[in-house]
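Student: I would like to go through this structure with you. Could we begin with the overall picture and then look at individual residues?

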Amino acid sequence: MTEVKSPETAAPPAAVPAELTEEPVRWHRVRPYLPLVVLAVALILPYSTLHLPGILEGALNSPGTLQLLAVCLVFGGLAAGYDLLFGRTGMLSFGHALYFAAGVYGTDILITRAGLPLWQAAPLAIIGGTILAGLIGAVALRTVGIAFAMVTLAFAQVGAILVARDFGGLTGGEEGLPLDVSGLPSGLVGVANTVNLYWLALAYLVVVVFVVHRVTGSPTGRVLAGLRDDERRIGVLGLDPYRFKLVAFTLAGGLAAAGGVVYCLIVGGASPHITSSELTLSLLVMVVLGGPGTRWGPVLGGILYMYLDHRLVSFGTSGAVDALPAFLSRPLSQPLFVLGTVFILAVYFFPGGVASLAPRLALLRNSLRLGSRRES
């Protein structure tokens, strides 16, 4: 007699405690609006007279604080643009500072030496920086890996030498080139108008984040992600890796040049240090510190790095550090030592950067809740 077997049925999923699901659901509902809230706070921040002792030297609406925040915003956008190369496409460039310097010096030279107004000098500087990135990328991208990094570094060193030697009497050499404010709109000149420069830096950051987000969410962005993971697979699919990498390289260079225009207006000129390879290494640290390949990680990394770079100078010369024993006060008085220590600790404890901090804390909180529920 044939035995009839009943059809197997899948076991019902295990019930998840309500207290572990309600908060994540609420967070996912609020999360899409969080960037808009942060943007609104950043827009109204210059109207605040709040003073944060130990964090900022003056009130939030003071010119010195607004200039510091503007520089932090510019480098947040610069790091986000560099992440389009490093985190999104997997290209390690050691010459990204060259396109930033092209925007800074291009704007300064066109205004101070050529006498052009800002509305003409700024677009020309951005276009020039973008073309420069396209030309260098067309050569450098013929190589891969460490050879690509060395080629970009070589081009950047050529640019740094030309600037330092005052090529054509245009750059001012090692003394830099102050910006002639007569070619600027009155709303961007003077300490009282620092708030306008702050809003300009904020607008630059918003534009960069928007462009990078649109690119990474497009079919081109998915190809760039494929290049980062396995370039040969993209070639097998019939796509040209060189062409897509050149697009990413040129776009990142153009965004860096635009940041150079804004930075030139904020600091009121150009100086040779922005052409050094140390700036590109700083961008790499910003991206790794924030979290490469994430939407907000490089922005947070750039803002945090520049804030620490500025504040640690004041911290190193403070009386609290001088009062410490010599074996502590000497290293703590060096900002680069403290920055390096912070970077090492961040990479060790948070391999995914600052962007991975929130998921890790949420996982830890849920684990603690589940453990306390089991004990009860």
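Student: What is the mean pLDDT of the protein?
Tutor: This is a predicted model, and the mean pLDDT of the protein is 85, with 86% of the residues reaching 70 or more.

Student: What share of the contacts joins residues 24 or more positions apart?
Tutor: Among contacts with a separation of 6 or more, the share is 75%.

Student: Turning to helix packing, how do helix 4 and helix 5 cross?
Tutor: The axes of helix 4 (residues 97-113) and helix 5 (residues 118-140) come within 8 Å and cross at roughly 145 degrees. The crossing is right-handed.

Student: Which residues meet there?
Tutor: From helix 4, the residues include Gly103, Gly106 and Leu110, while those from helix 5 include Ala125, Gly129 and Leu132.

Student: New topic: where is Thr280, and what does its side chain reach?
Tutor: Thr280 lies in helix 11, which spans residues 277-290. The side chain of Thr280 reaches the backbone nitrogen of His96 at 3.4 Å.

Student: Is Thr280 buried or exposed, and why?
Tutor: Thr280 has a relative accessible area of 1%, so it counts as buried, the cut-off being under 20%. Setting aside residues up to four places away in sequence, Thr280 touches Tyr82, Ser93, Phe94, Gly95, His96 and Ala97.

Student: Now Tyr198. Which helix is Tyr198 in, and is the residue buried or exposed?
Tutor: Tyr198 is found in helix 7 (residues 194-216). Tyr198 is buried, because its relative accessible area is 2%.

Student: Which backbone atom does the Tyr198 side chain reach?
Tutor: The side chain of Tyr198 reaches the backbone oxygen of Ala42 at 2.7 Å.

Student: What about Val74: how far apart are Tyr198 and Val74 in space?
Tutor: Their C-alpha atoms are 9.4 Å apart, although Tyr198 and Val74 are 124 residues apart in sequence.

Definitions and conventions:
Residues numbered from 1 in each chain as written. Predicted model: local features only at pLDDT ≥ 70, side-chain atom pairs only at ≥ 80, totals over all residues. Heavy atoms only, no water. Contact = heavy atoms within 4.5 Å. pLDDT = per-residue confidence, 0-100. Helix = DSSP H or I, 4+ residues; strand = E, 2+ residues; numbered from the N terminus. Buried < 20%, exposed > 50% of the residue type's maximum accessible area, 1.4 Å probe, protein only. Polar contact = N/O pair within 3.5 Å; in protein donor to acceptor, adjacent residues only side chain to side chain. Axes fitted to C-alpha atoms, helices over the stretch in contact; angles between N-to-C directions. Left-handed = near helix turned anticlockwise from the far one by under 90°.
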